[in-house]
Amino acid sequence: MRAARDTSPSVLPLSLEDVGYAVGARPLLSDVSLQIKSGRRLVVMGANGAGKSLFLRLCHGLIDPTVGRRHWASGERRAEAQAMVFQRPVLLRRSVAANLDYPLALRRLARTARREAVARTLDRFGLTPLADRPARLLSGGEQQRLALARAWAMRPQVLFLDEPSSALDPSATRIIEEMVEQFSAEGITIVMTTHNLGQARRLAQDVAFLHRGRLIEHRSSAEFFTGPETPEARAFLAGDLIW
Amino acid sequence: MDGPFATALSLIASGDPALMQIIGLSLRVTLTAVLIACAVGLPLGAALALARFPGRGAVIVLFNALMGLPPVVAGLVVYLLLSRSGPFGSLALLFTPTAMIIAQTVLILPIVISLTRSVVEDLWAEYREQLQSLGAGRLRSVPTLLWDGRVSLLTGVLAGFGRASAEVGAVLIVGGNIAGHTRTMTTAITLETNRGNLGLAVALGIILLTLTLTLNAAAWGAGQWARGRLG
């Protein structure tokens with residue numbers, strides 16, 4: 001799995017150039033410029049409504065910028081080697097194994113290759129005993145684990161995670177964080193949002209801080225957490241409500 | 001009421017051939033119509049749920065309205081199309097079981113389309129981003145949504161079956177209620193009641209009710225089982 005991932009041409013960096021997104025006349029994101037570089041863990045922070053989820057959706061290609069330019073290094077309009085885990089992942093009304101098989105079938109993998117990939121993924125995530133269980137009847141933590149497994153099975157170079165553990169208890173959260181670290185160690189680039197400061201400190205190598213739809217800081221996490229440049233980020237870290 | 005009921009029970013118990021023939025034809029016509037309506041209506045309803053085009057609202061309203069199409073009017077339309085002077089007159093389909101299947105398909109199709117549209121539209125709101133993220137385009141999402149909505153869709157199909165098996169007007173007009181050829185349970189009940197032959201009418205009524213009850217019980221059971229099994 002590693003080897004295959006390493007030899008495929010990189011889709012990163014992903015560049016956003018003066019990107020904005022507006023609904024009607026209302027701008028929800030404006031003037032966002034940044035590069036998502038390979039091999040890093042980027043945590044996107046900001047208050048509710050700052051545009052974190054929107055930013056992730058825009059990078060992932062679920063929505064297109066209304067102004068500016070989004071560019072993958074591979075030149076693809078929407079890179080195939082990417083995946084996203086949602087805050088509330090939608091699992092299909094079928095078995096755990098069938099959920100893992102679904103995106104692989106969409107990519108027209110041959111049946112035998114799919115069966116192998118599904119078995120490997122089930123094993124990797126400790127889901128083999130649950131393979132035939134209906135996915136919708138799993139616990140919240142198991143569902144999120146399956147969502148991560150499904151994303152991993154798609155062999156992404158970059159994985160977007162939108163508040164992946166906000167609905168989970170501390171122990172399930174811990175498991176999710178460990179998985180994110182393992183993905184990162186495998187060379188998968190991580191871009192995630194969280195409103196959990198502790199989680200951000202534990203996982204971030206870089207931080208992008210959004211405020212009212214604008215990217216006002218983008219620095220290494222060490223720099224960000226020790227001395228944020230902007231008063232908004234300082235207030236955010238101090239736990240103040242900022243609007 | 002002892003008379004007709006006793007006659008009805010003995011007719012059912014003896015497996016009266018005329019009775020069996022009527023039941024067989026009714027089932028064949030209605031089930032075929034349901035099958036055709038599903039084959040056309042499920043994908044069409046799902047497509048209508050996902051597609052965005054000018055006039056979409058009007059199309060939705062039209063199909064919703066057609067759910068209440070009076071069977072006699074559906075029968076009349078099909079009659080005009082199939083009659084000797086009509087556009088399809090040369091096919092000589094009028095007063096055949098095929099004509100009855102066509103009429104019942106016309107009756108059921110709007111139900112299947114409208115209910116599928118509604119079920120799939122709700123699912124789409126929930127699934128849209130996830131499916132897009134996994135790499136499924138709109139077209140590829142259609143079978144996925146139909147499959148994931150299968151339990152709810154069963155209700156729509158059942159409503160279609162109920163409407164078709166209960167109606168008299170359409171099959172009477174295009175079928176002609178010819179004994180041994182196009183006589184169904186509902187047309188036979190109408191005729192036998194008019195003739196005062198209540199035994200046969202009651203027997204058919206009992207069977208029709210039992211059939212509907214059994215089918216609904218089975219569908220309900222399947223739905224319960226699936227909910228527990230699939231979440």
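Predicted model: local features only at pLDDT ≥ 70, side-chain atom pairs only at ≥ 80, totals over all residues.
Taken along the principal axes, the C-alpha atoms of chain B fill a box of roughly 65 × 50 × 25 Å. Chain B contains 231 residues, of which 39% are buried. Within chain B, the axes of helix α3 (residues 56-66) and α5(B) come within 8 Å and cross at roughly 130°. Because an angle between 115 and 145 degrees is neither roughly perpendicular nor roughly antiparallel, α3(B) is classed as oblique to α5(B). The crossing in which α3(B) passes α5(B) is left-handed. On the side of α3(B), the contact involves I60(B), F63(B), N64(B) and L66(B), which meet P110(B), I113(B), S114(B) and R117(B) in α5(B). By residue class, this contact of α3(B) with α5(B) comprises five nonpolar residues, two polar residues and one charged residue.

A further position in helix α5 of chain B is V106(B). This residue counts as buried because 22 C-beta neighbours lie inside 10 Å of V106(B), where 20 or more are required. Apart from neighbours within four places in sequence, V106(B) is in contact with A74(B) and V78(B). T144(B) is 38 residues from V106(B) along the chain, and the C-alpha atoms of the two residues are separated by 26 Å.

The contact between the two chains involves 14 residues of chain B and 15 residues of chain A. The residues of chain B that touch chain A comprise four nonpolar, five polar and five charged residues.

In chain A, the UniProt annotation "domain: ABC transporter", taken from an unreviewed entry, covers residues 14-237. This span of chain A is 38% helix and 26% strand, and the C-alpha atoms at its ends lie 27 Å apart.

A helix pair was also examined in chain A. The axes of helix α3 (residues 96-106) and helix α5 (residues 140-153) of chain A come within 9 Å and cross at roughly 30°. Since angles under 35 degrees count as roughly parallel, α3(A) and α5(A) are placed in that class. Their crossing is right-handed. The residues V96(A), N99(A), L100(A), P103(A) and L104(A) of α3(A) meet L146(A), A149(A), R150(A) and A153(A) of α5(A). Seven nonpolar residues, one polar residue and one charged residue make up this contact of α3(A) with α5(A).

Terms used: Residues numbered from 1 in each chain as written. Chains lettered and ligands numbered in written order. Contact = placed C-beta atoms within 7 Å. Nonpolar A, V, L, I, M, F, W, Y, C, P; charged D, E, K, R; others polar. Axes fitted to C-alpha atoms, helices over the stretch in contact; angles between N-to-C directions. Helix = DSSP H or I, 4+ residues; strand = E, 2+ residues; numbered from the N terminus. Parallel < 35°, antiparallel > 145°, perpendicular 65-115°, else oblique. Left-handed = near helix turned anticlockwise from the far one by under 90°. UniProt positions renumbered as here; feature names shortened; annotations may be inferred. Buried ≥ 20, exposed ≤ 12 C-beta atoms within 10 Å, placed from the backbone.
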